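This report describes selected features of a two-chain protein model for use in computational work. Please consult the sequence and coordinates while reading.

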Amino acid sequence: MVLKQKSILPGFGLALGFTLFYLSFIVLIPLSTLFLRTATLSWGQFWEIITAPRALASYRLSLGASLIAALLNVVFGLLVAWVLVRYSFPGKRIVDGLVDLPFALPTAVGGIALTTIYSGKGWIGQYLEPLGIKVAYAPLGVVVALTFIGLPFVVRTVQPVLEDFHPEFEEAATTLGANRLQIFLRVIFPTLMPALLTGFAMAFARALGEYGSVVFISGNMPMRTEITPLLIMTKLEQFDYAGATALAVVMLAVSFLLLLAINLLQWWSRRRLAAL
Amino acid sequence: MSIEIRRVTKQFGDFAALKNIDLTVNTGELVALLGPSGSGKTTLLRIMAGLETPDSGEILFHGENATDRSVRDRHVGFVFQHYALFKHMTVFENVAFGLRVRPRSNRPSNEEIRAKVHSLLQLVQLDRMESNYPSQLSGGQRQRVALARALAVEPKMLLLDEPFGALDAKIRQELRLWLRRLHDELHITSVFVTHDQEEALEVADRIVVMNEGRIEQVGTPEEVYDHPVNPFVYHFLGNVNLFHSRVGEGRVKIGPLEIDAPEHAAAQDTPAVAYVRPHDIEIERHKNGQPAIAALIQHIQSVGPVVRLQLNRQDTGQMIEAELSKERYRELGLKAGEVVFIKPRHWTVYQGEGI
Ligand SMILES: Nc1ncnc2c1ncn2[C@@H]1O[C@H](COP(=O)(O)OP(=O)(O)O)[C@@H](O)[C@H]1O
Ligand SMILES: [Mg+2]
């Protein structure tokens with residue numbers, strides 16, 4: 001924030017130069033080769049590939065499941081962070097450590113574990129299936145896997161903000177006559193909004209790119225449970241590099257636009273919360 | 001509205017924060033809870049607000065038992081030590097908060113809210129700041145927003161926790177006089193917490209002196225300052241000189257002096273301490289034929305209307321602090337390094353070794 005107004009800290013030019021250079025090498029240049037690859041296609045071919053019914057179905061699933069998973073993570077991540085910050089209970093440290101597990105685990109392991117639990121004969125699946133709820137090998141399984149891998153983001157972004165949020169603010173609201181719901185909606189939620197948005201953006205971005213855990217639980221049925229990253233892999237395996245990169249470009253453009261939108265929203269909400 | 005506290009106790013774990021507190025705050029009064037840090041002032045204030053529940057005892061509002069009344073139903077205005085302004089709301093929205101959260105049936109219209117908030121912001125002299133965020137205000141301004149916010153809900157009493165604690169000296173001074181004027185205007189029953197005796201003496205109608213979870217004395221500023229009931233109150237309400245001695249048959253010997261202590265007529269050669277405020281030390285150049293204590297002037301601080309002297313008792317080497325008016329100081333023509341004769345003008349004698 002300070003840097004944007006006026007550079008008081010030394011080395012701003014150098015730091016910015018390095019950042020751009022670094023981002024170019026790590027992100028921009030590798031990704032731009034994608035666009036070069038697609039350049040071998042004509043517009044017509046490109047359009048045909050990216051609007052193929054199987055591709056469209058995969059976007060729907062990828063975007064939809066990622067969105068739902070990120071939203072679930074916002075709700076339950078907030079809950080977990082709240083419990084971890086506000087209450088003390090035996091084993092709190094362990095629970096706190098568990099939160100990071102989805103980060104540490106190879107995602108394939110997570111995928112296999114979830115599949116085992118949620119398949120028709122699994123621990124949880126056996127109770128859900130008679131109710132007509134199919135998780136493994138269904139779109140719902142994709143949501144479950146993406147929720148699993150995205151959980152830590154919201155918890156870890158919201159936790160420090162909550163730790164700074166003293167009960168005094170809630171007490172002030174209570175003495176002014178607010179009830180619990182009003183306090184949550186008018187005081188707590190707006191304060192947490194920037195952190196929640198950050199967590200949401202990260203969980204969502206992570207979910208869009210996730211591949212390892214989903215392939216196990218989804219069953220990978222074209223038109224039904226096939227996510228875009230998997231479709232890209234399939235095309236690569238068939239040496240259809242141009243087709244794969246065409247889909248990748250779509251994913252990339254959509255992710256970028258969504259993340260940009262979230263960033264703007266965040267910038268707007270953070271500006272109002274300028275630190276005291 | 002009057003507040004009555006009856007035999008209230010509060011434990012935090014093994015620690016007794018409040019021990020059997022009895023206190024009545026009369027309607028329209030401005031009362032100060034004064035005491036050192038950790039003496040239970042905040043806890044008592046929070047119990048009045050309902051933010052903390054007492055382990056035993058009762059709280060009566062206007063004669064009615066309110067011990068189990070919820071915070072929302074108590075209609076108290078509470079101003080927190082660190083203001084607790086909502087950072088994501090403008091000054092206007094902060095003040096309007098209490099009106100906006102009212103149940104729909106008695107929520108004022110937007111125009112009414114606007115009018116009310118504007119009049120409150122005028123009252124606290126912040127009408128030009130309404131669209132600023134708390135982060136853009138100074139400490140004193142935040143404090144006044146917090147006060148306006150508390151007043152917006154028309155509370156039956158106002159509770160303020162160290163309202164000027166976090167401000168610098170000059171603003172503190174201004175704000176406390178302003179608070180006094182505001183109170184005289186609104187006449188709302190108010191209790192404020194402070195650890196600054198000057199603040200309490202200057203602003204409050206009555207002072208409640210607290211120490212280690214107990215009330216030591218309740219009285220007007222004059223009462224607690226001039227007639228402290230025990231050494232603690234004496235110490236806490238200003239600078240004081242201690243003369244260690246013994247009391248017997250209602251008289252105390254301090255060096256060559258003998259002073260009266262009729263309230264200790266029954267004592268027989270018991271250890272005692274005479275407490276004398278710096279401005280109650282009389283200074284003379286000559287003995288004038290009467291017994292007096294010889295003391296060496298070590299340091300003179302003569303800035304302002306009151307001159308402060310650091311003296312050294314010649315017989316015991318004890319340091320004595322004395323205050324006198326500038327006029328008297330000029331009249332005597334005192335200089336550091338001179339020997340003068342001192343004796344107490346007013347004193348209070350307590351048995352024991354003092355604190
Ligand atoms: N919520 C609490 N839990 C444990 N101890 C507390 C709590 N609140 C206050 N205390 C203790 O009670 C004592 C009195 O606190 P407080 O009322 O805040 O004193 P004061 O406001 O006079 O400084 C302090 O020793 C403090 O540590
Ligand atoms: Mg306190």
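**Conventions**

This is a predicted model, in which local features need pLDDT of at least 70 and side-chain atom pairs count only at pLDDT 80 or more, while totals for chains, interfaces and linings use all residues. Residues are numbered from 1 along each chain as its sequence is written, chains are lettered from A and ligands numbered from 1 in the order in which they are written, and side-chain values use heavy atoms, with hydrogens and water left out. Helices (H or I, at least four residues) and strands (E, at least two) are DSSP runs, numbered from the N terminus.

**The sheet of chain B**

Five strands of chain B form an open sheet with antiparallel pairing, in the order β15-β19-β16-β17-β18; two strands count as paired if DSSP finds at least two bridges between them. Strands β15 (281–284) and β18 (319–325) of chain B stand at the edges with a single partner strand each, so one side of each has no neighbour in the sheet. From one strand to the next the twist averages 45°, with axes taken as lines fitted to C-alpha atoms and angles running from 0 to 180 degrees between N-to-C directions. Within this sheet, β16 (residues 293–301) and β19 (residues 339–344) of chain B are joined in the antiparallel sense by four bridges. A294(B) is placed opposite F341(B) of β19(B).

**Helix α3 of chain B**

How many of the ten residues of helix α3 (residues 91–100) of chain B are buried? Nine of the ten are, so the helix is largely enclosed by the rest of the structure. Here buried means under 20% relative accessible area, exposed over 50%, and partly exposed in between (1.4 Å probe, protein chains only). The buried residues of α3(B) include V91(B), F92(B), N94(B) and V95(B), and also A96(B), F97(B), G98(B), L99(B) and R100(B). Their packing partners are α10 (167–175) and α11 (180–209) of chain A, together with α4 and α5 of chain B.

**Cavities**

On a 1 Å grid over the protein atoms alone, a cavity is a set of points where a 1.4 Å probe fits but cannot get out, and lining residues have an atom within 4 Å of a point. Grid points are joined across faces, edges and corners, and a volume is the space filled by probe spheres set on the points. By this rule there are two cavities of 30 Å³ or more.

| Cavity | Volume | Lining residues |
|---|---|---|
| Largest cavity | about 40 Å³ | Q143(B), R144(B), L147(B), L160(B), P163(B), F164(B), W178(B), L179(B) |
| Second largest cavity | about 30 Å³ | A172(A), T175(A), L176(A), F78(B), F80(B), A146(B), R149(B), A150(B) |

For the largest cavity, α5 and α6 (169–186) of chain B each supply at least two lining residues, and the largest share, three residues, comes from α5(B). In the second largest cavity, at least two lining residues come from each of α10 of chain A and α5 of chain B, and α5(B) gives the most, with three residues. The lining of the largest cavity divides into six nonpolar residues, one polar and one charged. The lining of the second largest cavity likewise holds six nonpolar, one polar and one charged residue. In this division Ala, Val, Leu, Ile, Met, Phe, Trp, Tyr, Cys and Pro count as nonpolar, Asp, Glu, Lys and Arg as charged, and the others, Gly among them, as polar.

**Two residues in their surroundings**

Q143(B), one of the residues that line the largest cavity, belongs to helix α5 of chain B. Q143(B) is buried, with a relative accessible area of 3%. Neighbours within four places in sequence aside, Q143(B) is in contact (heavy atoms within 4.5 Å) with V79(B), Y83(B), P163(B) and L175(B).

V95(A) lies in helix α5 (residues 92–99) of chain A and is partly exposed, with a relative accessible area of 32%. Not counting residues up to four places away in sequence, V95(A) touches L84(A) and F89(A). The C-alpha atoms of V95(A) and L84(A) are separated by 8.1 Å, and these residues are eleven apart along the chain.

**Positive phi angles**

Most residues other than glycine have a negative phi. N220(A), although not a glycine, has a positive phi of about 55°. N220(A) sits in the loop between α12 (214–218) and α13 (228–237) of chain A and is partly exposed, at 25% relative accessible area. Q125(B), also not a glycine, has a positive phi of about 60°. The loop between α4 (110–123) and α5 (139–152) of chain B holds Q125(B), which is partly exposed, with a relative accessible area of 49%.

Definitions and conventions. 1 Å grid on protein atoms, 1.4 Å probe; cavity = no way out; pocket = protein on both sides within 12 Å on 5 of 7 lines; lining within 4 Å.
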